[in-house]
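Subject: Structure handover and what was found in it

Dear colleague,

Please look through it first and then read on.

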Amino acid sequence: MSDIADRLRTVRAQIDEACTGVGRDPSTVRLLPVSKTHPAQAIRAAHAAGERTFGENKPQELAAKAGELADQDGLRWAAIGHLQTNKARIVAEHAAEFHALDSLRLAETLDRRLQALGRGLDVFVQVNASGEESKFGLPPAEVATFVGSLAPFDSLNVVGLMTIGANTDDRVRIDASFAIMQRLQSQLRGLGAPGSFDELSMGMSGDWAAAIAHGATVIRIGTAIFGARDYG
Ligand SMILES: *Cc1c(COP(=O)(O)O)cnc(C)c1O
(Lines give C-alpha, C1' and ligand atoms only; values in the text may rest on other atoms or scores of the structure.)
Protein backbone atom coordinates (compact mmCIF):
# COMPACT_ATOMS: atom_id res chain seq x y z
CA MET A 1 0.00 0.00 0.00
CA SER A 2 3.05 2.27 0.11
CA ASP A 3 2.66 2.48 -3.68
CA ILE A 4 -0.50 4.51 -3.01
CA ALA A 5 1.52 7.05 -1.03
CA ASP A 6 4.09 7.13 -3.86
CA ARG A 7 1.46 7.63 -6.53
CA LEU A 8 -0.23 10.34 -4.48
CA ARG A 9 3.07 12.16 -4.20
CA THR A 10 3.61 11.89 -7.95
CA VAL A 11 0.09 13.06 -8.82
CA ARG A 12 0.29 16.00 -6.41
CA ALA A 13 3.62 17.06 -7.93
CA GLN A 14 2.18 16.77 -11.46
CA ILE A 15 -0.81 18.89 -10.45
CA ASP A 16 1.43 21.58 -8.98
CA GLU A 17 3.48 21.59 -12.17
CA ALA A 18 0.40 21.77 -14.41
CA CYS A 19 -0.99 24.67 -12.36
CA THR A 20 2.25 26.58 -12.59
CA GLY A 21 2.36 25.88 -16.33
CA VAL A 22 -0.97 27.64 -16.88
CA GLY A 23 -0.32 30.41 -14.37
CA ARG A 24 -2.57 29.08 -11.62
CA ASP A 25 -1.84 28.88 -7.92
CA PRO A 26 -1.74 25.14 -7.01
CA SER A 27 -3.68 25.87 -3.80
CA THR A 28 -6.75 26.67 -5.96
CA VAL A 29 -6.99 23.06 -7.18
CA ARG A 30 -8.14 20.29 -4.87
CA LEU A 31 -7.31 16.66 -5.58
CA LEU A 32 -10.28 14.39 -4.82
CA PRO A 33 -9.10 10.77 -4.66
CA VAL A 34 -11.74 8.42 -6.10
CA SER A 35 -11.67 5.18 -4.13
CA LYS A 36 -14.61 3.35 -5.77
CA THR A 37 -14.11 -0.44 -6.07
CA HIS A 38 -10.93 -0.26 -3.96
CA PRO A 39 -10.88 -1.76 -0.46
CA ALA A 40 -10.96 0.13 2.82
CA GLN A 41 -7.28 -0.69 3.25
CA ALA A 42 -6.43 1.44 0.19
CA ILE A 43 -8.32 4.36 1.73
CA ARG A 44 -6.42 3.91 5.00
CA ALA A 45 -3.17 4.18 3.04
CA ALA A 46 -4.28 7.40 1.32
CA HIS A 47 -5.54 8.75 4.65
CA ALA A 48 -2.12 8.06 6.20
CA ALA A 49 -0.63 10.00 3.28
CA GLY A 50 -2.76 13.02 4.22
CA GLU A 51 -6.00 12.65 2.22
CA ARG A 52 -9.32 13.17 4.03
CA THR A 53 -12.11 13.30 1.41
CA PHE A 54 -12.79 10.34 -0.87
CA GLY A 55 -15.04 9.99 -3.91
CA GLU A 56 -17.42 7.04 -4.31
CA ASN A 57 -20.02 6.57 -7.04
CA LYS A 58 -22.26 3.87 -5.50
CA PRO A 59 -24.27 4.80 -2.39
CA GLN A 60 -24.19 1.30 -0.86
CA GLU A 61 -20.44 1.05 -1.27
CA LEU A 62 -20.01 4.53 0.23
CA ALA A 63 -22.13 3.60 3.26
CA ALA A 64 -20.28 0.31 3.79
CA LYS A 65 -16.89 2.04 3.68
CA ALA A 66 -18.09 4.86 5.95
CA GLY A 67 -19.00 2.19 8.50
CA GLU A 68 -15.78 0.26 8.07
CA LEU A 69 -13.61 3.39 8.31
CA ALA A 70 -15.46 5.20 11.10
CA ASP A 71 -12.24 5.12 13.15
CA GLN A 72 -10.33 7.26 10.63
CA ASP A 73 -9.82 10.82 11.80
CA GLY A 74 -11.63 13.54 9.83
CA LEU A 75 -12.74 11.27 6.99
CA ARG A 76 -15.27 12.84 4.57
CA TRP A 77 -17.16 11.37 1.63
CA ALA A 78 -17.98 12.81 -1.76
CA ALA A 79 -20.77 11.06 -3.68
CA ILE A 80 -19.74 11.58 -7.30
CA GLY A 81 -21.99 9.28 -9.35
CA HIS A 82 -25.51 9.45 -10.73
CA LEU A 83 -27.98 9.01 -7.88
CA GLN A 84 -31.43 7.48 -7.96
CA THR A 85 -33.97 9.21 -5.73
CA ASN A 86 -34.55 6.03 -3.75
CA LYS A 87 -30.88 6.09 -2.66
CA ALA A 88 -30.88 9.77 -1.64
CA ARG A 89 -31.16 8.89 2.06
CA ILE A 90 -27.78 7.12 2.02
CA VAL A 91 -26.04 10.13 0.50
CA ALA A 92 -27.83 12.53 2.87
CA GLU A 93 -26.65 10.45 5.81
CA HIS A 94 -23.02 9.87 4.88
CA ALA A 95 -21.78 12.37 2.28
CA ALA A 96 -20.35 15.85 2.78
CA GLU A 97 -20.37 16.59 -0.95
CA PHE A 98 -22.53 15.50 -3.88
CA HIS A 99 -21.16 16.06 -7.38
CA ALA A 100 -24.02 14.79 -9.54
CA LEU A 101 -27.17 16.83 -8.92
CA ASP A 102 -29.16 16.71 -12.15
CA SER A 103 -32.88 16.87 -11.36
CA LEU A 104 -35.36 18.84 -9.31
CA ARG A 105 -36.94 15.68 -7.97
CA LEU A 106 -33.57 14.56 -6.61
CA ALA A 107 -32.94 18.02 -5.10
CA GLU A 108 -36.31 17.87 -3.32
CA THR A 109 -35.71 14.38 -1.97
CA LEU A 110 -32.16 15.12 -0.83
CA ASP A 111 -33.26 18.33 0.88
CA ARG A 112 -36.09 16.53 2.71
CA ARG A 113 -33.74 13.75 3.87
CA LEU A 114 -31.11 16.27 4.96
CA GLN A 115 -33.65 18.36 6.88
CA ALA A 116 -34.75 15.25 8.76
CA LEU A 117 -31.14 14.51 9.69
CA GLY A 118 -30.27 18.13 10.50
CA ARG A 119 -27.41 17.99 7.97
CA GLY A 120 -26.26 20.11 5.04
CA LEU A 121 -24.64 19.04 1.78
CA ASP A 122 -22.29 20.80 -0.65
CA VAL A 123 -23.68 20.15 -4.12
CA PHE A 124 -22.32 20.44 -7.64
CA VAL A 125 -24.79 20.59 -10.51
CA GLN A 126 -23.84 18.01 -13.14
CA VAL A 127 -23.68 19.27 -16.70
CA ASN A 128 -23.47 17.17 -19.85
CA ALA A 129 -20.94 19.42 -21.55
CA SER A 130 -19.84 16.85 -24.14
CA GLY A 131 -23.39 16.26 -25.41
CA GLU A 132 -22.80 12.49 -25.33
CA GLU A 133 -26.02 10.47 -25.26
CA SER A 134 -24.69 8.13 -22.56
CA LYS A 135 -23.92 10.90 -20.07
CA PHE A 136 -25.99 12.16 -17.19
CA GLY A 137 -26.27 15.87 -16.44
CA LEU A 138 -28.19 18.88 -17.68
CA PRO A 139 -27.68 20.33 -21.14
CA PRO A 140 -25.68 23.55 -20.67
CA ALA A 141 -28.60 25.69 -21.89
CA GLU A 142 -30.82 24.43 -19.04
CA VAL A 143 -28.42 24.98 -16.17
CA ALA A 144 -29.25 28.61 -15.32
CA THR A 145 -32.99 27.89 -14.97
CA PHE A 146 -32.33 24.72 -12.99
CA VAL A 147 -30.01 26.50 -10.59
CA GLY A 148 -32.63 29.21 -10.03
CA SER A 149 -35.11 26.54 -8.97
CA LEU A 150 -32.77 25.24 -6.21
CA ALA A 151 -33.15 28.34 -4.04
CA PRO A 152 -35.87 26.88 -1.72
CA PHE A 153 -33.72 23.91 -0.68
CA ASP A 154 -31.98 25.24 2.40
CA SER A 155 -29.96 22.10 3.11
CA LEU A 156 -28.32 22.16 -0.31
CA ASN A 157 -25.29 24.41 -0.49
CA VAL A 158 -24.76 24.91 -4.23
CA VAL A 159 -21.02 25.36 -4.65
CA GLY A 160 -20.53 24.88 -8.37
CA LEU A 161 -20.70 22.69 -11.45
CA MET A 162 -19.44 19.23 -12.33
CA THR A 163 -18.85 17.45 -15.60
CA ILE A 164 -17.26 14.32 -17.02
CA GLY A 165 -15.08 15.27 -20.00
CA ALA A 166 -15.76 13.97 -23.50
CA ASN A 167 -15.00 10.26 -23.72
CA THR A 168 -12.42 10.44 -26.51
CA ASP A 169 -8.70 10.74 -27.22
CA ASP A 170 -9.45 13.85 -29.26
CA ARG A 171 -7.85 16.63 -27.20
CA VAL A 172 -9.81 19.27 -29.10
CA ARG A 173 -13.16 17.78 -28.06
CA ILE A 174 -12.02 17.29 -24.46
CA ASP A 175 -10.89 20.93 -24.31
CA ALA A 176 -14.18 22.05 -25.85
CA SER A 177 -16.25 20.31 -23.16
CA PHE A 178 -14.20 21.90 -20.37
CA ALA A 179 -14.33 25.32 -22.07
CA ILE A 180 -18.14 25.11 -22.08
CA MET A 181 -18.03 24.65 -18.29
CA GLN A 182 -15.80 27.64 -17.77
CA ARG A 183 -18.13 29.83 -19.86
CA LEU A 184 -21.17 28.50 -18.01
CA GLN A 185 -19.57 29.32 -14.67
CA SER A 186 -18.92 32.94 -15.63
CA GLN A 187 -22.41 33.21 -17.12
CA LEU A 188 -23.99 32.03 -13.83
CA ARG A 189 -21.90 34.46 -11.83
CA GLY A 190 -22.93 37.27 -14.19
CA LEU A 191 -26.59 36.38 -13.70
CA GLY A 192 -26.17 36.50 -9.94
CA ALA A 193 -27.52 32.93 -9.70
CA PRO A 194 -27.99 31.59 -6.15
CA GLY A 195 -24.89 29.74 -4.94
CA SER A 196 -21.26 30.76 -5.20
CA PHE A 197 -20.23 28.81 -8.33
CA ASP A 198 -16.64 29.03 -7.18
CA GLU A 199 -16.17 25.34 -7.82
CA LEU A 200 -15.66 23.43 -11.07
CA SER A 201 -15.40 19.68 -10.52
CA MET A 202 -13.87 18.27 -13.70
CA GLY A 203 -10.94 16.19 -14.84
CA MET A 204 -10.13 12.52 -14.19
CA SER A 205 -6.95 10.41 -14.54
CA GLY A 206 -6.83 10.82 -18.33
CA ASP A 207 -7.80 14.46 -18.77
CA TRP A 208 -7.16 16.41 -15.57
CA ALA A 209 -4.43 18.63 -17.03
CA ALA A 210 -6.85 19.97 -19.66
CA ALA A 211 -9.42 20.54 -16.91
CA ILE A 212 -6.92 22.55 -14.87
CA ALA A 213 -6.18 24.68 -17.93
CA HIS A 214 -9.91 25.47 -18.05
CA GLY A 215 -10.36 26.43 -14.43
CA ALA A 216 -11.08 23.14 -12.61
CA THR A 217 -10.99 23.56 -8.83
CA VAL A 218 -11.65 19.89 -7.98
CA ILE A 219 -10.15 17.06 -9.98
CA ARG A 220 -11.48 13.55 -9.34
CA ILE A 221 -8.70 10.99 -9.70
CA GLY A 222 -9.02 7.25 -9.19
CA THR A 223 -6.81 5.11 -11.41
CA ALA A 224 -3.68 7.29 -11.21
CA ILE A 225 -3.73 6.92 -7.40
CA PHE A 226 -5.29 3.55 -6.61
CA GLY A 227 -4.47 1.63 -9.79
CA ALA A 228 -6.81 -0.06 -12.27
CA ARG A 229 -10.28 -1.05 -11.07
CA ASP A 230 -11.36 -4.66 -11.08
CA TYR A 231 -15.09 -4.92 -11.76
CA GLY A 232 -14.96 -8.71 -11.86
C1 LIG B 1 -14.56 6.79 -11.49
C2 LIG B 1 -14.79 8.22 -11.59
C3 LIG B 1 -13.70 9.13 -11.60
C4 LIG B 1 -12.24 8.70 -11.55
O5 LIG B 1 -11.86 8.13 -12.77
P6 LIG B 1 -10.34 7.73 -13.09
O7 LIG B 1 -10.29 7.73 -14.57
O8 LIG B 1 -10.10 6.40 -12.48
O9 LIG B 1 -9.46 8.77 -12.50
C10 LIG B 1 -13.99 10.48 -11.66
N11 LIG B 1 -15.27 10.93 -11.70
C12 LIG B 1 -16.32 10.10 -11.69
C13 LIG B 1 -17.69 10.66 -11.73
C14 LIG B 1 -16.12 8.72 -11.64
O15 LIG B 1 -17.18 7.90 -11.63
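The notes below start with the ligand and then turn to the pockets and the cavity.

Please keep in mind that this is a predicted model, in which local features need pLDDT of at least 70 and side-chain atom pairs count only at pLDDT 80 or more, whereas totals for chains, interfaces and linings use all residues. Residues are numbered from 1 along each chain as its sequence is written, and side-chain values use heavy atoms, with hydrogens and water left out.

The ligand is surrounded by V34, K36, I80, M162, I164, M204, S205, R220, I221, G222, T223 and R229, each having a heavy atom within 4 Å of the ligand. By class, this shell divides into 6 nonpolar, 3 polar and 3 charged residues, where Ala, Val, Leu, Ile, Met, Phe, Trp, Tyr, Cys and Pro count as nonpolar, Asp, Glu, Lys and Arg as charged, and the others, Gly among them, as polar.

Taken alone, the ligand exposes 390 Å², and the protein buries 91% of that (areas by the Shrake-Rupley method with a 1.4 Å probe).

The ligand sits in the largest pocket, meaning that more than half of its atoms lie within 2 Å of the pocket's grid points. On a 1 Å grid over the protein atoms alone, a pocket is an open set of points with protein on both sides within 12 Å along at least five of seven lines, a cavity is a set where a 1.4 Å probe fits but cannot get out, and lining residues have an atom within 4 Å of a point.

The largest pocket holds about 590 Å³ of space, a volume being the space filled by probe spheres set on the points. Of the 26 residues that line this pocket, K36, N57, I80, G81 and I164 are the closest to its centre.

The second largest pocket has a volume of about 170 Å³, and its lining includes K135, I164, R171, M204 and D207.

Finally, the structure holds 1 cavity of 30 Å³ or more; the largest cavity is lined by E56, N57, K58, P59, A79, G81, H82, L83 and V91.

Best regards
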